[in-house]
Amino acid sequence: MIYRSFDDGDKEHSLLGFGIMRMPTNEDASINFELAEKMIDTAYNAGVNYFDTAYVYHKMKSEEFLGKALAKYPRESFFIATKLPLWHVDGYDDLDVVFNRHLSSLNMDYIDYYLVHAVNKERVQRVKDMQLIDWLIQKKAQGKIRHIGFSFHDDLDCLKDMLSLYDWDFCQLQINYADWNRFNAKDMYEIATNAGVPIIVMEPVRGGMLANPAPEVASLLKEHSPDLSYANWAFRFVANLDNVKLILSGMSTIEQVEDNLATFATEQSIELTDDESKILNKAINVLDNLKSIPCTACDYCMPCPFGVHIPTCFEKYNTAQIFGKANYTEIAEENRADKCVSCEACVPLCPQHIQIPERMVEVRDYFATK
C-alpha cells in the first residue's frame with residue numbers, strides 16, 4: 001500500500017481512502033452489514049487506514065455502520081473523516097448537537113479529519129455568519145478534531161473565498177480526467193495548490209462513469225493496456241498530481257476493493273509513462289466534446305417530492321448518449337423524467353449546479369422518441 005502525508009504532524013495515511021458513501025445495500029436500502037464489513041476488513045488488512053463518511057450518507061446510518069465495522073481495530077490504527085452538514089444546522093448552538101451525534105454514531109472520542117460538507121456560495125456565507133471557524137478552532141484545541149478542512153462544490157471564485165477564511169489543513173475537491181477541462185478541475189487544483197492547501201480527491205472515477213467510459217475512450221485505453229481496468233487509469237491520472245495527498249473511492253463491491261488495492265499496491269503501480277499521459281490527454285479531448293449531464297449520483301437531490309428518480313434518469317440518459325442505448329424502461333413509470341413538474345426543490349441541493357428541471361425535459365424528450 002502506498003502512503004502519503006499532509007505534512008500536518010500526523011502519521012502517514014494510505015493514498016487510497018475508503019469512501020463510505022456507496023456501500024452495498026439490502027432491498028430496503030439499509031446497508032448490507034455483512035458484505036460491507038467484509039469490504040472494510042479487506043481494505044484495512046491490505047493497509048487502507050483512511051475512512052471517509054458523513055452525517056447524511058446512507059440516510060444518516062453510514063457513521064453508525066462504520067463505527068461498528070472498525071470497532072474491532074485499535075482506534076489509533078486508522079483515520080476517520082466525517083462532515084458537518086450546514087443544511088442541518090440552524091445556528092451556532094446546533095453545532096455541538098450535530099458534532100456530538102457524530103461521536104455517538106461512530107462510538108469514538110474524536111474525529112481525525114473534519115470537513116465542512118459540500119461548500120458552495122451560500123454555505124461560505126453561513127460559515128462567516130455563524131463564526132464557524134471559531135467553533136472549529138475551539139474543537140481542535142479540545143482534541144475533538146485533529147484536522148480541519150472542507151469539501152467543495154461551486155465555482156472558482158467561491159473556492160478562493162473559502163480558502164481565504166482560514167489556514168485549512170486540507171480541502172476535498174472533485175478532480176478526474178473527465179472534469180479536468182470541461183468542469184474546471186484543473187483550475188481548482190491549481191488554486192488550492194497555490195494556496196498551499198493539500199488536496200483530497202473525491203469522485204476520481206466520476207461517479208463510476210470512468211469505470212465504463214465512452215467507446216472511443218475505452219478503445220484508447222484497452223489498446224494500450226488490455227489487462228488494466230478503466231478505473232485504474234482514472235486513479236493513476238489523479239495520483240500523479242503532486243498536490244494530491246489522498247484519493248477517495250466510494251467502493252460498492254468487493255471486486256472494486258480488490259482492483260483498487262492492486263492499483264495502489266506500490267509506487268510503480270500508479271506510475272504513468274509518457275505514452276500513457278498522451279493517451280489520457282486524448283481521452284480528455286474526447287470527453288470534452290461529449291453531450292452529457294454532469295451528475296455523480298450523490299443523491300443530494302433526493303427524494304423528489306413528485307417521485308422522480310433524478311440520478312437514475314440522468315444515468316440512463318448519459319449511458320444512452322455515450323453508448324448509444326440504455327434500458328430506460330427499468331425505471332418505473334411513476335419515477336421517470338416526465339413526472340417532473342419543475343418545482344425546482346432539487347436545484348439548490350445539487351453540488352454540480354445542474355439545472356435539473358431543464359435537463360429533465362431533455363431526458364423526457366430524448367426517451368420519448370426511442
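Predicted model: local features only at pLDDT ≥ 70, side-chain atom pairs only at ≥ 80, totals over all residues.
Local features require pLDDT of at least 70 and side-chain atom pairs count only at pLDDT 80 or more, whereas totals for chains, interfaces and linings use all residues. Residues are numbered from 1 along each chain as its sequence is written, and side-chain values use heavy atoms, with hydrogens and water left out.

The model contains a closed barrel of eight strands in the order β3-β4-β5-β6-β7-β8-β9-β10, with parallel pairing. Neighbouring strands of this sheet are turned by 30° against each other on average, direction ignored. Helices (H or I, at least four residues) and strands (E, at least two) are DSSP runs, numbered from the N terminus. Two strands pair if DSSP finds at least two bridges between them. Four bridges link β5 (residues 79-84) to β6 (residues 111-119) in the parallel sense. Within this pairing, A81 stands opposite Y113 of β6.

Helices pack on the sheet. Helix α4 (residues 92-106) lies across β5, β6 and β7 (145-152), and runs at about 145° to β5. Helix α10 (residues 230-239) touches β9 (199-202) and β10 (244-249), and its direction makes about 155° with that of β10. Contact here means heavy atoms within 4.5 Å. Axes are lines fitted to C-alpha atoms, for helices over the stretch in contact, and angles run from 0 to 180 degrees between N-to-C directions.

Y113 also takes part in an aromatic pair. Rings of Phe, Tyr and Trp (its six-membered ring) pair if their centres lie within 6.5 Å; planes under 30 degrees apart count as stacked, over 60 as edge-to-face and the rest as tilted. By this rule there are 22 aromatic pairs. F6 and Y113 form a tilted one, 5.3 Å centre to centre with 50° between the planes. F6 lies in the loop between β1 (3-4) and β2 (13-14) and Y113 in strand β6, so the pair ties together parts 107 residues apart in sequence.

Lining residues have an atom within 4 Å of a point. One cavity of 30 Å³ or more is present. The largest cavity holds about 80 Å³. Its lining numbers 14 residues, with C295, C298, C301, C350 and I354 nearest the centre. Helix α13 (residues 310-323) gives the largest share of that lining, three residues. The second largest pocket holds about 310 Å³. Of its 17 lining residues, D154, F183, M188, Q352 and H353 are the closest to its centre.

Two backbone exceptions remain. A cis peptide bond, with omega about 0°, joins M302 and P303. P303 sits in the loop between α12 (274-288) and α13. M60, in helix α2 (residues 57-60), has a positive phi of about 70° although it is not a glycine.

Key: 1 Å grid on protein atoms, 1.4 Å probe; cavity = no way out; pocket = protein on both sides within 12 Å on 5 of 7 lines; lining within 4 Å. Points joined across faces, edges and corners; volume = space filled by probe spheres on them.
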